[in-house]
Amino acid sequence: MSSCLFGHAAFVDLFLAHREGHESPGFAELASLFERHAPLREMDEVLHGENPLAPAMQLLSRCHARRREASLAWTIIEQGLTGRDKRRPECLAAFALAAIACAFQLQELDTSSLPLDDVLALLALDVSTNPCSPGLTDRLRSFPRDQAQRDRPETR
């Protein structure tokens, strides 16, 4: 459902991977993908919380009107069977958190001024579908081929 509504399932996957104990970035680490005033700390609290559904729903109730997709997710959860069936609270929390992320996700990431290190860091994020990959790869192609070797310290 997230893929249909938001165009990708990266944030649902991020939540579920974290719940399964996989190493995954928090929303604060993904700050470059979001508007400056996004509630990243609160999103991370939901991500790391023991019982994430209630705080996810509280946060979504405050921000769902920011984007049409987030409002649709709110309606699906609140009025639909999904919201009444609380047997899968982690899946609902994942969907709500994805809607919150969608409400604050940059529609277009301005990569034109990003330094090489930032471009590489964003491309290396462990999300199944990085919604900013096309712009980031275009920016990466704009750097001279040898710049990565010159600017990056040797790793051993």
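This is a predicted model: local features need pLDDT of at least 70, side-chain atom pairs count only at pLDDT 80 or more; totals for chains, interfaces and linings use all residues.
Residues are numbered from 1 along each chain as its sequence is written, and side-chain values use heavy atoms, with hydrogens and water left out.

Let's start with the whole chain. Of its 156 residues, 44% are buried; buried means under 20% relative accessible area, exposed means over 50%, and partly exposed is in between, with a 1.4 Å probe and protein chains only. As for contacts, meaning heavy atoms within 4.5 Å, take those with a separation of 6 or more: 64% of them join residues 24 or more positions apart.

Now the core. In soluble globular proteins, nonpolar side chains tend to be buried together. A nonpolar core here is a set of buried Ala, Val, Leu, Ile, Met, Phe, Trp, Tyr and Cys residues joined through side-chain atoms within 4.5 Å. The largest one in this model has 45 residues, and F6, F27, F34, M43, L97 and I100 have the most contacts inside it. Which elements give two or more residues to this core? They are α1, α2, α3, α4 (53-63), α5 (68-79), α7 and α8 (116-123). The top contributor is α7, with 13 residues.

Have a look at L97. Leaving out residues up to four places away in sequence, L97 touches F15, F27, M43, V46 and L47. A96 is in helix α7, and with 0% relative accessibility A96 counts as buried.

On to α2, residues 10-19. Its buried residues are A10, F11, V12, L14 and F15. And what covers them? The cover includes α1 (2-6), α3 (40-48) and α7 (89-104). Just after α2 there's G21, with a positive phi of about 90°.

Next, helix pairs. Two packed helices are described by the angle between their axes and the distance between the axes. For the numbers I'm about to give, axes are lines fitted to C-alpha atoms, for helices over the stretch in contact, and angles run from 0 to 180 degrees between N-to-C directions.

First pair: α3 and α4 pack at about 150°, with axes 9 Å apart. They are therefore roughly antiparallel to each other; under 35 degrees counts as roughly parallel, over 145 as roughly antiparallel, 65 to 115 as roughly perpendicular and the rest as oblique. The crossing of α3 past α4 is left-handed, which is the label when the near helix is turned anticlockwise from the far one by less than a right angle; clockwise would be right-handed. On the α3 side the contact uses E42, M43 and V46, and on the α4 side P55, A56, L59 and R62. Those residues divide into 5 nonpolar, no polar and 2 charged, where Ala, Val, Leu, Ile, Met, Phe, Trp, Tyr, Cys and Pro count as nonpolar, Asp, Glu, Lys and Arg as charged, and the others, Gly among them, as polar.

From α8 we have L116, V119, L120, L122 and L123, meeting S133, L136, T137, R139 and L140 of α9.

Is L136 buried or exposed? Buried, with a relative accessible area of 0%. L120, by contrast, counts as partly exposed at 28% relative accessibility. Between L120 and L136 there are 8.3 Å, C-alpha to C-alpha.

Last stop, a loop. H64 lies between α4 and α5, and at 17% relative accessibility H64 counts as buried. Again leaving out residues up to four places away in sequence, H64 touches A70, S71 and W74. That's my tour, thanks.

Technical notes: Helices (H or I, at least four residues) and strands (E, at least two) are DSSP runs, numbered from the N terminus.
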